[in-house]
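Here are a few friendly notes to read beside the model. Take them one at a time, with the viewer open.

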Amino acid sequence: MSGRDLFCQPRRFGRGAALTLVFASVLVAGAATGSLPESDRKSPQGGVGSATQAGHHENVAEAAAEAMAAGKSPMEAAERAVSRSGDRWGAVYSRGEYEEFEEALDGRYTGVGLWARRERDGRIEVTKVRAGSPAAGAGIRAGDRLRTIDGAKVDGRPVTEVVSLLRGDATDAAAGTAVTVGLERGTRAWSETLRRASLSTDSVTVRQLADGITVIKIDSFTKGSGDAVRAAVREAPAASGILLDLRGNSGGLVTEAVTAASAFLDGGLVATYDVEGAQQALHADPGGDTTRPLVALVDGGTMSAAELLTGALQDRGRAVVVGSRTFGKGSVQMPSRLPDGSVAELTVGHYRTPSGRGVDGKGITPDLDADQRVLERAETVLSGLGPAS
């Protein structure tokens, strides 16, 4: 996954990066390095579900309870049970991690405010710095090379591990804690000690291109992002085309993804999903803009809720999809609280696009493959689209 921005969950990544689509809500699988932009993580009833939601939930809960009774770590026992289950996307989170995710999905996060990617040679490069963040205050800027974190070299490491170090996940580091980063800019090498801070994020950004095209970029589906997309569509110049940029969007709240779909659809099916064999459906609200030309941009970092939205727009004939095949995360997880307050999330089903296509392990194939000059190709496609019928 080198050579592009990578968004990942702020968790102890040694346990694996779970990218979770949760019943009635999608968990953020997206976090910028050192900052989370990337379900309110609650069950449809408003709280973490019981451990009886699935048979393997029961097994995991039993393993945790037995460990607690024996004076051992319930969380470690649960992790072993998940590993034995063969659940590819199953994961166990500490109470603190789970609370961090809930905050992140509210548009709040603890971090230093920088995004990064791993280049093909293994170097970690800063790609974006949030204005007003600790990283910005220290003068860090896009293009700087990140060499060390608290003395540990980061070259060649997965970006997920870099995220974990910057956030201090191993110690559940809070706002105000310090992290020292080693940086390089040209021939200059230096270190900065940053204090992690509680930050907020704008997951939806809008810009106008010179030819009148409106670009709506969705980094993740946090609370309010769906309404932000609808507002951006309403405020776009009359009859102008829209580029919906979902590249690098690794998930978020499925309810927000459905709201975003409602900006472009006049009601109708967005996706179906099953939970332990019970079929359910997600529908767009009526009244969306169905006339503006629309192109969706995707890549291998387009995951979960972003794939759900892409599949709906493609199957409904509402958008031309340009880019590269999406990640392929379309399984449904449900959370259960363990005896020590940690949370297990295990797979209980899968979702499908309106035409019945499964996404998990397959991804979505764009209508036009484009690995380079994607934006330019998308603009060309958009210019050739007439008003939708």
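1. The second largest pocket has a volume of about 200 Å³. A pocket here is an open set of points on a 1 Å grid where a 1.4 Å probe fits, with protein on both sides within 12 Å along at least five of seven lines; the volume is the space filled by probe spheres set on the points.

2. Lining residues have an atom within 4 Å of a point.

3. Helices (H or I, at least four residues) and strands (E, at least two) are DSSP runs numbered from the N terminus.

4. The model is predicted: local features need pLDDT of at least 70, side-chain atom pairs count only at 80 or more, and totals for chains, interfaces and linings use all residues. Residues are numbered from 1 along each chain, and side-chain values use heavy atoms, without hydrogens or water.

5. Now turn to helices α6 (residues 225-235) and α7 (residues 254-262), which pack at an angle of about 15° with axes 7 Å apart. α6 is therefore roughly parallel to α7 (angles under 35 degrees count as such).

6. Where do the two helices meet? S225, G226, D227, V229 and R230 in α6 are in contact with E256, T259, A260 and S262 in α7 (heavy atoms within 4.5 Å).

Key:
Axes fitted to C-alpha atoms, helices over the stretch in contact; angles between N-to-C directions. Parallel < 35°, antiparallel > 145°, perpendicular 65-115°, else oblique.
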